[in-house]
Amino acid sequence: MRFVYFGSSQFSRVVLAGLASAKLLPLMVITTPDKPKGRSLKVRSTPVKEFSVENKIETITPYDLKEKPLLEKIRALNADIFIVASYGNLIPRELLDLPRIMPIAVHPSLLPRYRGAAPINWAIIKGEKVTGVSIFKINEKIDAGEIIIQQPLEIEDSDDAVTLSEKLAHLSSSLLLKVIPSLERKTYRLIPQDESKATFAPKLKKEDGHIKWETDAFSIRNLVRGLRPWPEAFSFYRGKLIKILEAEVVDETAPFEPSTIVRIEKDAIYVAAGRGIIKITKVKPEGKREMLVRDFLCGHHLKEGEKLS
């Protein structure tokens, strides 16, 4: 099967690596351009580009997918299918018409639920117990094409967006290995999505991480889990931002206003929520590295009764 692969993120790298381990290599990889990242703003390639370069796969990083020379270059490959997995940009109609069989996409949710840029994060934030992977035929609407195959995956209580993404990426590559032969043999079925059940998972913004302490403890913990590794859940202590990286729900009530520090132990800070208590065990203070609460407490003299804002 001759295919072109579109992808950029770490999720997409794991999917591509799974295909490569099964001796399925793309004719070409298309990924987003290098960008400055991190505090140093060092220019970095996408995880997918790093993998494809390491494995000597032809790789291009176009700014504009509608450029005529690019279209002609891809047309000349005579690909059977396109595989799109967390690419980061919309694929224009001019490109979607090029593969001999069809363009397909991998999406880490059970479509039509959680269409959009951040399905893994929002599934955790919303407290879902099950998510999954959908592989579908791409059309011009975002994540709305006909389904070829789906498989559910349980969200474990210990999962955050990083661990769940890794699991879903491995599931995606295994599903692709099932789908590709069915496309070759023309034994697949296309199942329309039920638009009445569509929900959306918009791109994350930094302000999505601001903890609203008046909500219940389980919702706050889901926010902490769902926003790893970015933007991460945060609050403010004595006017400085502090990111909450790991937290648990304590099964007890507290006669305190939400955001009040109700108890301090050597390795944990307990904060009242609108309902329940959050036990914080790992943080990242403003301008500092991430650290266990026991280390944070060595340099910060918190007091019971103070508030996070």
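**Salt bridges and a cavity in a predicted model**

Me: Which residue forms a salt bridge with Arg-228, the closest N and O atoms being 4.0 Å apart?
Reply: A salt bridge is taken here as a side-chain nitrogen of Lys or Arg within 4 Å of a carboxyl oxygen of Asp or Glu. The model is predicted, so that local features need pLDDT of at least 70 and side-chain atom pairs count only at pLDDT 80 or more, while totals for chains, interfaces and linings use all residues. Residues are numbered from 1 along each chain as its sequence is written, and side-chain values use heavy atoms, with hydrogens and water left out. With its closest N and O atoms 4.0 Å apart, the partner of Arg-228 is Glu-290.

Me: How many residues apart in sequence are the parts that the pair of Arg-228 and Glu-290 ties together?
Reply: Arg-228 lies in the loop between α7 (217-226) and β10 (233-237), where helices (H or I, at least four residues) and strands (E, at least two) are DSSP runs numbered from the N terminus. Glu-290 lies in the loop between β14 and β15 (291-292), so the parts that the pair ties together are separated in sequence by 62 residues.

Me: Is Arg-228 buried or exposed?
Reply: Buried means under 20% relative accessible area, exposed over 50%, and partly exposed in between, with a 1.4 Å probe and protein chains only. Glu-290, at 33%, counts as partly exposed. Arg-228 has a relative accessibility of 15% and therefore counts as buried.

Me: Which residue forms a salt bridge with Lys-307?
Reply: The closest N and O atoms of this pair are 2.4 Å apart. The pair links distant parts of the chain, with Lys-307 in the segment after α8 (293-299) and its partner in the loop between β11 and β12 (261-265), 50 residues apart.

Me: About how much space lies in the largest cavity?
Reply: A cavity is a set of points on a 1 Å grid over the protein atoms alone where a 1.4 Å probe fits but cannot get out, and lining residues have an atom within 4 Å of a point. Grid points are joined across faces, edges and corners, and the volume is the space filled by probe spheres set on the points. The structure holds 1 cavity of 30 Å³ or more, and the space in the largest cavity is about 60 Å³.

How values were computed
On a 1 Å grid over the protein atoms alone, a cavity is a set of points where a 1.4 Å probe fits but cannot get out, and a pocket is an open set with protein on both sides within 12 Å along at least five of seven lines; lining residues have an atom within 4 Å of a point.
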